[in-house]
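Colleague: I have some terms to check with you. Please set each value against its definition.

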Amino acid sequence: MAATAALTGCALLLAGCGIKRTGVIESGHAATVKVPDSKTAAVLYFISKDGDRLVPVPFSIGTDYMLAPTPLLRVLLDGPSGPASAAGLTTALPRVSDAQSDAASVNKYSPGKGLTVSVPFPVAGLSDLARKQLVCTFGVSAVPDTVTPVAIQGTDTTLPSADCNPRH
């Protein structure tokens, strides 16, 4: 009787109770993490290594210094560096020379209008991700404790103000 019970138990274990083996099931991207707010940190938005979504990258010069919006724009235009680059993040924004980068600027924030980011290249043909890089970086980081709409002005036209919505 004990031998029969042991054989039955082994048979059930080997049979797996009728559950068939499956391969790895893809369930989408990893969860996103909100970086805690800081009075001196900015968030730059770059493109995932898959090229399909924005990835927030915290950026800080130091605990006692906040990077002004125009230098922040120059950092964004330089593209990812350090750990962000090593992680495979990229940019959808066109590369610009140092001389062109000097022409980039961000106007003063206006509570009723938001910000206008001026870039030294045409903007009418920018991809959706490139537009989102600019809108989200400055909509979230340019004015402390404020999420603001951002218009993008290029050498060809000015795109209307938009709010940061990295998922859409």
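Modeller: Let me start with contact, which means heavy atoms within 4.5 Å. This is a predicted model, where local features need pLDDT of at least 70, side-chain atom pairs count only at pLDDT 80 or more, and totals for chains, interfaces and linings use all residues. Residues are numbered from 1 along each chain as its sequence is written, and side-chain values use heavy atoms, with hydrogens and water left out.

Colleague: Which residues does Pro120 touch, not counting residues up to four places away in sequence?

Modeller: Pro120 touches Leu77, Val96, Gln100, Ala103, Ala104 and Thr155. Pro120 sits in the loop between β4 (115-118) and α5. Helices (H or I, at least four residues) and strands (E, at least two) are DSSP runs, numbered from the N terminus. Val96 is 24 residues from Pro120 along the chain, with 7.8 Å between their C-alpha atoms.

Colleague: Why is Pro120 called buried?

Modeller: Buried means under 20% relative accessible area, exposed over 50%, partly exposed in between (1.4 Å probe, protein chains only). Pro120 has 15% relative accessibility, so Pro120 counts as buried.

Colleague: What makes Ser48 buried?

Modeller: Its relative accessible area is 3%, so Ser48 is buried. Ser48 lies in the loop between β1 (42-47) and β2 (54-59). Beyond four places in sequence, Ser48 touches Arg53, Val55, Gly88, Leu89 and Thr90.

Colleague: What joins the side chains of Ser48 and Asp52?

Modeller: A polar contact of 2.8 Å. The term needs a pair of N or O atoms within 3.5 Å; within protein, one must be able to donate a hydrogen and the other to accept it, and residues adjacent in sequence count only if both atoms are side-chain atoms.

Colleague: Why is the link of Cys136 and Cys164 called a disulfide?

Modeller: A disulfide is a pair of cysteine sulfur atoms within 2.5 Å. Here S to S is 2.1 Å, so Cys136 and Cys164 form a disulfide. The pair links distant parts of the chain: Cys136 lies in helix α5 and Cys164 in the segment after β6, 28 residues apart. By this rule the count is one disulfide.

Colleague: What makes Cys136 buried?

Modeller: Cys136 has a relative accessible area of 1%, so Cys136 is buried.

Colleague: Which handedness does the link of Cys136 and Cys164 have?

Modeller: The link is right-handed, with 95° about the S-S bond.
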